[in-house]
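Subject: Structure handover

Hello,

Here is the structure for you to look at. Some notes on what was found in it follow below.

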Amino acid sequence: MLLNDSQIFLDLELSNRDEVLEFISVQAQQLGLIENQEILLKDFISREEQYPTAFQEGIAIPHAKSATVKKATLFFIKTTENIDWNSPDHFKVKFIFAILVPEMEAGTKHIKILSALAGNLIEEQFQERLFKVNTKDDILNLFKSVEMEVV
């Protein structure tokens, strides 16, 4: 299972991209999913500097292929306000799917997760359901189709 309720955070008051990435890094460390939160944050920022991961207006998919990640996992964050993601398109995001993958799975699991997630996110019906989520169960139910494609 890539996503469980301990990795879903709703209505957070975070104000910018780096604050979101730091929050995810801290939570991943506390949940025992990574070895070192500083390394994960550095890997997230490094990836963002290559090209920002704002997928479209409202949605970002930050991802880190990192030696500190113990197993492939996801986090979902919904912020209270749209935040600037430093993207060239000036997208502001509110829904963040963060992908954490061990470095050795960069070419396999990472691509599979990103492909399944992006494929669902371009579907209008999936987006409509996403924009209406209010509970962790809403997210877990929505994410079932993505999870089935990855397994």
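Leaving aside its neighbours within four places in sequence, which residues is Leu 31 in contact with? Please keep in mind that this is a predicted model. The residues in question are Ser 6, Gln 7 and Phe 75. One of them, Gln 7, is 24 residues from Leu 31 in sequence, and the two are 8.6 Å apart in space, C-alpha to C-alpha. Leu 31 sits in the loop between H1 and H2. Its relative accessible area is 35%, so Leu 31 is partly exposed.

H1 covers residues 17–30 and H2 covers residues 37–50. They pack at an angle of about 145°, and their axes are 9 Å apart. The crossing of the two, H1 and H2, is right-handed. On the H1 side, the residues that meet H2 are Arg 17, Asp 18, Leu 21, Glu 22, Ile 24, Ser 25, Val 26, Ala 28 and Gln 29. H2 contributes Gln 37, Leu 40, Leu 41, Phe 44, Ile 45 and Glu 48. By type, the residues of this contact between H1 and H2 are 8 nonpolar, 3 polar and 4 charged.

The last item is Lys 109, which belongs to helix H3 (residues 109–121). With a relative accessible area of 29%, Lys 109 is partly exposed. Apart from neighbours within four places in sequence, Lys 109 is in contact with Leu 2, Ala 72, Val 101 and Val 150. Between Lys 109 and Lys 71 there is a separation of 38 residues in sequence and a C-alpha to C-alpha distance of 9.9 Å in space.

Regards

Definitions and conventions. Residues are numbered from 1 along each chain as its sequence is written. This is a predicted model: local features need pLDDT of at least 70, side-chain atom pairs count only at pLDDT 80 or more; totals for chains, interfaces and linings use all residues. Side-chain values use heavy atoms; hydrogens and water are left out. Helices (H or I, at least four residues) and strands (E, at least two) are DSSP runs, numbered from the N terminus. Buried means under 20% relative accessible area, exposed over 50%, partly exposed in between (1.4 Å probe, protein chains only). Contact means heavy atoms within 4.5 Å. Axes are lines fitted to C-alpha atoms, for helices over the stretch in contact, and angles run from 0 to 180 degrees between N-to-C directions. A crossing is left-handed if the near helix is turned anticlockwise from the far one by less than a right angle, and right-handed if clockwise. Ala, Val, Leu, Ile, Met, Phe, Trp, Tyr, Cys and Pro count as nonpolar, Asp, Glu, Lys and Arg as charged, and the others, Gly among them, as polar.
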